[in-house]
Protein chains: 2
Amino acid sequence: MELGFAKLGGLIPAIIQDDGTREILMVGFVNQESLALTQRSGEMHFFSRSRNKLWKKGETSGHVLKVKEIRVDCDADALLFRVEGSGPGVCHEGYRSCFFRELQSDGTERIVEERQFDPKSVYEKKGAE
Amino acid sequence: MELGFAKLGGLIPAIIQDDGTREILMVGFVNQESLALTQRSGEMHFFSRSRNKLWKKGETSGHVLKVKEIRVDCDADALLFRVEGSGPGVCHEGYRSCFFRELQSDGTERIVEERQFDPKSVYEKKGAE
């Protein structure tokens, strides 16, 4: 199958879902190389748009994501990764999921999840993954 | 809160999750106008990259998606919409979810969901939404 990397300059949105709870943990992008690395290693690798490079989730925090299943959508331009996490959360702000805020109708946001860990102790001064 | 529309030429990935089963139904994009319309109407509106225009999910099929909650991620560049569907499925190929295929390690795909409806009878000759 030909995946639609060309639609977005070589990138495909990668939706990360907890295989157990079905919670959405984060959204990133993969290019062909990071997808191949993910498939080969069984651990989630992304392409960072801001840093313009490959990165492995957990390279700083140790919170590696083990890939249980990969789904592709009807247009082959989005991928869903069902994963098993190995830490208290995926978010560099200390939450289980990066989607810890509700967007309200007036445009403001409200935190609706509990913080699980102290990001400073995990990411030190290396910054976000 | 300022959403990161600028990172992707005015678009933000929109992940659509069934509010009950937590299944991922589809992924699309919203621009500012389709997000505003979605918030105002309570029904999911996207921006189509291929057709370069706004569209309401269900405008052809009647399978409208009612938005129960909107979540925003830590970088404010992805949105998660928890929805309640009003039809047998969201996919123009007749499945509950657009992610009805598993991507296997050899690059081939395998259908892992049951077809729920006959797309021809729903979309007639109007084509996909």
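Student: How many salt bridges does the rule find across the interface of chain B and chain A?

Tutor: It finds 4 of them. Before we go on: this is a predicted model, where local features need pLDDT of at least 70, side-chain atom pairs count only at pLDDT 80 or more, and totals for chains, interfaces and linings use all residues. Residues are numbered from 1 along each chain as its sequence is written, chains are lettered from A and ligands numbered from 1 in the order in which they are written, and side-chain values use heavy atoms, leaving out hydrogens and water.

Student: What makes Asp77(B) and Arg49(A) a salt bridge?

Tutor: The term asks for a side-chain nitrogen of Lys or Arg within 4 Å of a carboxyl oxygen of Asp or Glu. For the side chains of Asp77(B) and Arg49(A), N to O is 3.4 Å, so the pair qualifies.

Student: What is the count of residue pairs in polar contact between chain B and chain A?

Tutor: There are 20, with both residues at pLDDT 80 or more. A polar contact is a pair of N or O atoms within 3.5 Å; within protein, one must be able to donate a hydrogen and the other to accept it, and residues adjacent in sequence count only if both atoms are side-chain atoms.

Student: How many residues are in contact?

Tutor: 43 residues of chain B touch 43 of chain A, contact being heavy atoms within 4.5 Å.

Student: What area do the chains bury between them?

Tutor: About 3,600 Å², 59% of it on carbon and sulfur atoms. Buried area is the accessible area (1.4 Å probe) that two parts lose on being put together, summed over both. Cys74(B), Phe99(B) and Leu103(B) supply 19% of what chain B buries against chain A, more than any other three residues.
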